[in-house]
Amino acid sequence: MTLPIGPVIGILADNLRLRGSVLPIPARRSTSWARQLGLPVGGPTVLYSGQMVQLIPYIEAMVAIEERLGGSPLARLAPLGRRLNRVVSLVPLMARPPGRAVAEYDRILVDVATLLSRAGVAFGALYADDLYTGALAHDLGADEAVAVQARRIQQVLRRYKVREVITVDPHTTHMLRTVFPRILPDFAVAVRSYLEVLAERPLAVPAPLPGVRTLHDACVFARYESVVEEPRRLLAQTGLRVLEPEAAGRLTECCGGPAESLFPARARAIAGQRVAQLRRAAPDAITMCPLCLVNLRRAADGALGLEDISSVLRRATGG
Amino acid sequence: MTAVVGAELAEAVGRLGPFDAAACMNCGVCTAVCPMGIAWLPRRLQRAVVLGLEQEVVAATEPVYACLLCRLCEVSCPAGVHITENVRTLRRYLNRRVFGL
């Protein structure tokens with residue numbers, strides 16, 4: 001049950017080139033977390049979402065459509081869909097995630113910003129100029145569209161005189177820290193994930209959290225960006241007993257998320273395997289990538305408790 | 001069945017980005033650890049490119065895009081082959097060659 005590969009990559013690349021994101025979402029949606037907190041605009045250090053977390057409810061809605069299309073004759077209309085999408089953006093017409101899902105993922109960004117503030121880190125946000133990095137298009141080899149996006153983001157960061165970017169998810173971290181400097185040798189911005197920033201200082205925990213959790217490492221953090229020790233150092237201060245699953249750290253197993261856009265059924269099967277591994281370690285697991293969270297949660301179907309690390313750390317530092 | 005081998009395909013792919021599969025010693029660790037469980041991934045695919053078997057590579061388009069780029073194969077590779085970057089470069093090639101993108 002696969003989708004037509006060429007037209008799907010074409011639609012994603014067209015969207016990135018024409019509209020600045022593989023799945024363009026309304027600015028009021030992508031910026032609501034920063035508006036809630038009244039964060040200052042710009043500054044030398046910014047918390048940069050790359051819209052990755054905000055995209056998750058839309059990806060979830062699109063995957064549900066793709067799963068239905070993948071096995072139906074309608075999938076043959078994908079080339080027509082690509083031509084139509086160049087004129088009218090189809091995503092807002094097709095993907096309408098429930099408000100509850102949007103609020104839940106916004107909460108991750110609010111929690112990250114709260115944790116950084118509690119740790120005494122000064123930062124701003126770029127609101128509608130906080131652009132998607134093109135991570136999915138990069139994975140699919142649509143490098144020309146990604147290069148256009150890298151230049152756009154470089155111009156934005158220069159305009160706001162940003163010197164340091166704090167990222168939330170592993171994919172945005174990898175694109176800004178590793179991929180963009182390869183595309184643009186003069187891309188001179190320091191990039192760190194919020195987990196690396198927080199792990200540099202002690203976590204103020206008023207009362208230890210009770211309970212047992214296992215930890216799912218994200219492939220991109222563990223194997224591309226060497227972010228392995230930082231989440232463990234932070235969780236060790238929360239009071240939780242954290243048990244390692246059978247594939248952990250640098251040898252973590254994938255959640256299946258990267259296969260979602262073209263092979264949704266296969267993505268779910270891989271997520272199911274990973275859920276089983278995590279369940280053998282503990283009844284509840286902690287994730288550190290929004291794609292892992294959504295993919296594992298869908299596969300677990302309630303059989304494994306899943307929570308993003310930002311929510312755990314926020315509760316540990318005073319709710 | 002006969003096949004003509006040659007370096008042209010690997011050179012054409014290599015012009016689009018890094019492709020270092022020549023160091024592969026065909027041990028199969030990468031295929032053994034691959035969570036996708038597809039026989040093409042990644043050893044046989046890389047071998048087909050190195051040998052210049054373009055028809056086979058084009059026929060394996062779906063497995064090329066099925067790769068998760070999770071890098072579990074790469075951290076396990078005793079020859080230090082940059083497998084995921086090879087797959088990404090091959091996708092760039094197929095985007096042009098098969099899909100006209």
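Three strands of chain A form an open sheet in the order E1-E2-E3 with parallel pairing, where helices (H or I, at least four residues) and strands (E, at least two) are DSSP runs numbered from the N terminus, and two strands pair if DSSP finds at least two bridges between them. Its edge strands, E1 (45-48) and E3 (190-193) of chain A, each pair on one side only. E1(A) and strand E2 (residues 164-167) of chain A are joined in the parallel sense over four bridges, and A:Val165 in E2(A) is the bridge partner of A:Val46.

This is a predicted model, in which local features need pLDDT of at least 70 and side-chain atom pairs count only at pLDDT 80 or more, while totals for chains, interfaces and linings use all residues. Residues are numbered from 1 along each chain as its sequence is written, chains are lettered from A and ligands numbered from 1 in the order in which they are written, and side-chain values use heavy atoms, with hydrogens and water left out.

Between the chains, A:Asp143 forms salt bridges (a side-chain nitrogen of Lys or Arg within 4 Å of a carboxyl oxygen of Asp or Glu) with B:Arg88 at 2.9 Å, N to O, and with B:Arg92, the closest N and O atoms being 3.5 Å apart. Both B:Arg92 and A:Asp143 are buried, that is, under 20% relative accessible area with a 1.4 Å probe and protein chains only, whereas exposed means over 50% and partly exposed lies in between. Within chain B, B:Arg88 also forms a salt bridge with B:Glu85, with the closest N and O atoms 3.4 Å apart.
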